[in-house]
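Please consult the sequence and structure below while reading.

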Amino acid sequence: MKTCIVVSGGDAPGINTAIETFTRLARQNGDQALGARNGMAGLLDDQLVELDRSLVSLLAGRGGSILPSSRRPALQDPNAREKLGDVMRRRGIDNLLLFGGDGTIRHVAPLLAEWGVSCIVLPTTIDNDVPGADYTLGHDSACNYAIPAVAAIRATAHALPGRIFLLETLGAPTGHLALAIAYASGADLALLPEYPLELDWLSERLKQIVAREGSALVVASEAYPDVDRLVEEIPRRTGIRLRYTALGHAQRGADVSHWDRRVARDMSRVAWRAFQDGNVSGTVLWRAGAAMLRQGSPPAEHKPPPDRRLYEYINRL
Ligand code: F6P
């Protein structure tokens with residue numbers, strides 16, 4: 001069996017661990033695994049590489065992805081099907097192991113299935129917003145990355161009181177990532193796109209928190225409406241300085257947490273087993289504490305919004 005590994009869309013911590021697990025299983029069982037550079041676009045252009053065994057092991061715990069990805073919708077190219085068929089035939093590729101988020105699951109995988117290409121997707125996104133999955137690979141590492149950042153902000157907040165700190169996370173278009181970070185780090189407020197707040201209310205609440213605690217820590221999702229305006233308006237309305245920090249893409253390149261290493265290995269093992277059993281198309285979902293194969297099309301439902309009760313608890317609503 002020969003599998004080509006493709007990373008499609010945004011990278012996430014844990015992809016390298018999953019690649020290492022899959023390639024090791026392949027090697028131990030006399031199968032072959034190779035990788036595509038630059039996502040589906042690279043695969044169509046035959047940008048395939050051997051996965052260097054020692055390099056893959058060395059980088060298994062590093063964030064990002066050793067195989068560069070691409071957001072180019074390469075399968076929309078009118079010649080895509082033919083090009084893909086040519087590459088797979090010429091290279092003797094039996095199936096594809098795809099890493100990606102909701103876009104890959106909804107748009108890339110169904111098209112491949114329609115074209116008769118054997119393909120399994122591992123949902124990987126720090127955003128944790130894939131329908132049908134309780135958890136997506138990379139989310140925990142991205143949260144872990146935020147924890148020391150919050151602790152460091154708290155240290156300076158304590159040392160020089162009288163400021164509001166607004167820490168922005170990635171996670172667009174949803175607030176799952178921001179909520180998880182806000183709760184774990186004991187933030188005073190969480191701002192999520194799913195539950196916008198009145199600016200007057202927010203300003204008043206921040207004034208109270210600073211008066212009581214000496215400072216305030218707000219965790220906001222990048223998708224919260226108009227964060228730039230908040231940064232300008234809140235000091236104007238409260239008379240308190242606001243300091244803004246964006247965690248940004250460092251969250252995607254964060255070291256892989258213990259949890260994500262485990263999830264990555266479990267997911268890869270399920271995918272490898274499915275290929276062995278001849279299951280041609282599906283998604284490896286993390287559900288009820290375990291990796292499981294969902295065959296065929298992705299779940300039709302939408303991911304529920306971030307936990308409202310947790311949100312209300314943080315914001316004391
Ligand atoms: O979907 C993952 C994610 O990291 C989001 O959290 C973020 O909004 C987006 O990708 C950033 O994408 P890019 O790397 O293309 O800027």
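A residue is near a molecule if one of its heavy atoms lies within 4 Å of it. By this criterion, the ligand is surrounded by Arg71, Thr125, Ile126, Asp127, Leu170, Gly171, Ala172, Glu222, His249 and Arg252. The model is predicted: local features need pLDDT of at least 70, side-chain atom pairs count only at pLDDT 80 or more, and totals for chains, interfaces and linings use all residues. Residues are numbered from 1 along each chain as its sequence is written, and side-chain values use heavy atoms, with hydrogens and water left out.

**Ligand shell**
- The shell around the ligand consists of 3 nonpolar, 3 polar and 4 charged residues, where Asp, Glu, Lys and Arg count as charged, Ala, Val, Leu, Ile, Met, Phe, Trp, Tyr, Cys and Pro as nonpolar, and the others, Gly among them, as polar.

- The side chain of Arg71 has an N or O atom 2.8 Å from an oxygen atom of the ligand.
- For the side chain of Asp127, the corresponding distance to a ligand oxygen atom is 2.7 Å.
- Gly171 places a backbone N or O atom 2.8 Å from an oxygen atom of the ligand.

**Salt bridges**
- The structure holds 17 salt bridges, each a side-chain nitrogen of Lys or Arg within 4 Å of a carboxyl oxygen of Asp or Glu.
- One of them joins Arg89 to Asp86, with the closest N and O atoms 2.9 Å apart.

Methods: Polar contact = N/O pair within 3.5 Å; in protein donor to acceptor, adjacent residues only side chain to side chain.
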